[in-house]
Amino acid sequence: MALDNAKVIARLQAALPDAILGSSEFRGDLSVYVRPERIVDVARFLRDDPELRYNFLENLCGVDYLGREPRFEVVYHLLSFANRHRICLKVGVSERDPSVPSLTELWPGANYHERETFDMFGIKFIGHPCLDRILMPEDWEGHPLRKDVPLGAEEVAFTFNQDRIYAHKPFAKE
Amino acid sequence: MTAAETRARNLSIPAPSQITRPALEGVKETMVLNMGPHHPSTHGVLRLVVELDGETVVDVAPDIGYLHTGIEKTMESKTYQKAVVLTDRTDYLAPLSNNLSYVLAVEKLLGCEVPERATVARVLLVELQRIASHLVWLGTHALDLAAMSVFLYGFREREQILDIFELVSGARMMTSYFRVGGLAYDLPAEFDAAVEAFLQIMPGRIDEYEALLTDNPLWIERTQGIGAIDSESAIALGLTGPGLRATGVAWDLRKTMPYCGYETYSFAIPTATHGDIYDRYLVRIAEMRESVSICRQALQRLRDIGPGPYMTLDRKIAPPPKSEITHSMEALIHHFKLWTEGFKPPRGDALAAVESPRGELATYIVSDGSAKPYRVHFRAPSFVNLQSLPHMARGCLVADLVALIASLDPVLGEVDR
């Protein structure tokens, strides 16, 4: 129970100083910015360290900061059942090469989260066993949660306008 | 195969294409069967691609997304208070739990204090919601295994809970009753008696369900020893809620990382040891009893607190009462600003997790300092729990798969969001 944010970040800094870019605290929650290529090492350390024991991957999602570099951020929330403590890891992902190493090796349960993040943001998780779309249709173009995708409706096809609509929708003709 | 390879194979979560592609190429002797998306046992539009050897399940890949409505995207264009109604529509069997997770996250961003009366009412209603949600699970689970009467009894009691929800919020299912800062309206005068009447009958009714199922040899035959999962695999796969607790891990956010003052209520975390379908059944039944006990404590507290504010008094978040608007310029300005612009939490991000009937429901919100959330993400328990299905199903019979889906209790609205 005696785990506080300062202790966690000190321990992490001591073990993997080159992987940590910085840290912040907001409303008592600790966020650590991690170098993308080292995310697996950091997560493995947090999971296996006998004192920290962040054994549970609670959440994994993407955020699109359009206009900022790196444009995307992948956010991981880890929980320690033993210490009842939560840590948030953040990884910046550039638009040019939107890829980060996959955590499925450490937690098989990262599978769906990563597929969802790929589906919604187009961020590739290197080492994922099968990075298919999960929520959107297979033939969907684009990644809907990106900020440059507008909120919009799908036009309903009637006989008077179906030729125009189907022209840019190859799957609908089948 | 080495031990590590076997473990990796056991914990793998195939995508549908990983099963259909080899089948189409004809490189395997097994048969691929499509279950759903319109199948009564899948509890919604869940499609399962099942690889079969005879009647034994070799592998199974859930195919989801049929109910994807882009709720997370839509929320980015609503103000914080208006986005509450969208949370109802994710897990439609436990809308109040979703409301709670979302408003807690926004309140965390704002650093907003909620009046005691509102917090206690939230706990009481969320626990009623847990019972209502478990009743649907119990009824449909039993129905899937051909025990029809449990469904009818379960829905009878659920009806009573929905009547209470209608009493407080005006809506039976899409309640949107919790708002950022408190509650939408005060609890009505009839609330106390309605809850009291329900709490009086419920323990006896749970005994009735148990009399129908717990020692029923057919029920035991269909559920015991089937779809078992150990605690290590459950944690690796992200399983939470009754599924995790049935493996013996006493992890319940109400106890382990309390919110809404749960640490001040006395209740137990029911656990079991085998992690099979029967144990998940036992855990949920015991949880209903604990929820009744929490409701009773919360109701007593509401009586002790008496009438009082049900919404935060911070005028930057909650609108002033109508009576003030008629004679106070400031009140009118606050009212106007709140309904045209909404409030603006500071820049930052917050995650608030609650124990929903299905497991850990967390809402992650990023604020850019404007009146609309920059990003909202739900860590939906149904979505994550579905990952355990292949592990549980391998080696089962097709008929057991039906029982397994029911025991995971997925709500497809929440899976797809």
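## Ground rules

This is a predicted model, where local features need pLDDT of at least 70, side-chain atom pairs count only at pLDDT 80 or more, and totals for chains, interfaces and linings use all residues. Residues are numbered from 1 along each chain as its sequence is written, while chains are lettered from A and ligands numbered from 1 in the order in which they are written.

Where they meet, domain 1 of chain B puts in 20 residues and domain 2 of chain B puts in 23. Here, contact means that C-beta atoms, placed from the backbone, lie within 7 Å.

On the domain 1 side, strands S2 (47–53) and S3 (56–63) of chain B each give at least two residues. S3(B) has the largest share, with 7 residues. (Strands are DSSP E runs of at least two residues, numbered from the N terminus.) That side counts 12 nonpolar, 6 polar and 2 charged residues. Asp, Glu, Lys and Arg count as charged; Ala, Val, Leu, Ile, Met, Phe, Trp, Tyr, Cys and Pro as nonpolar; the others, Gly among them, as polar.

## How the strands pair

Strands pair if DSSP finds at least two bridges between them. S1 (residues 31–35) of chain B runs antiparallel to S2(B), with 5 bridges joining them, and B:Val32 stands opposite B:Glu51.

S2(B) also runs antiparallel to S3(B), this time through 7 bridges. There, B:Arg47 has B:Asp63 as its bridge partner. The hairpin of S2(B) and S3(B) has 2 residues between the strands, and B:Gly54 takes a positive phi near 70°.

Terms used
Contact = placed C-beta atoms within 7 Å. Helix = DSSP H or I, 4+ residues; strand = E, 2+ residues; numbered from the N terminus.
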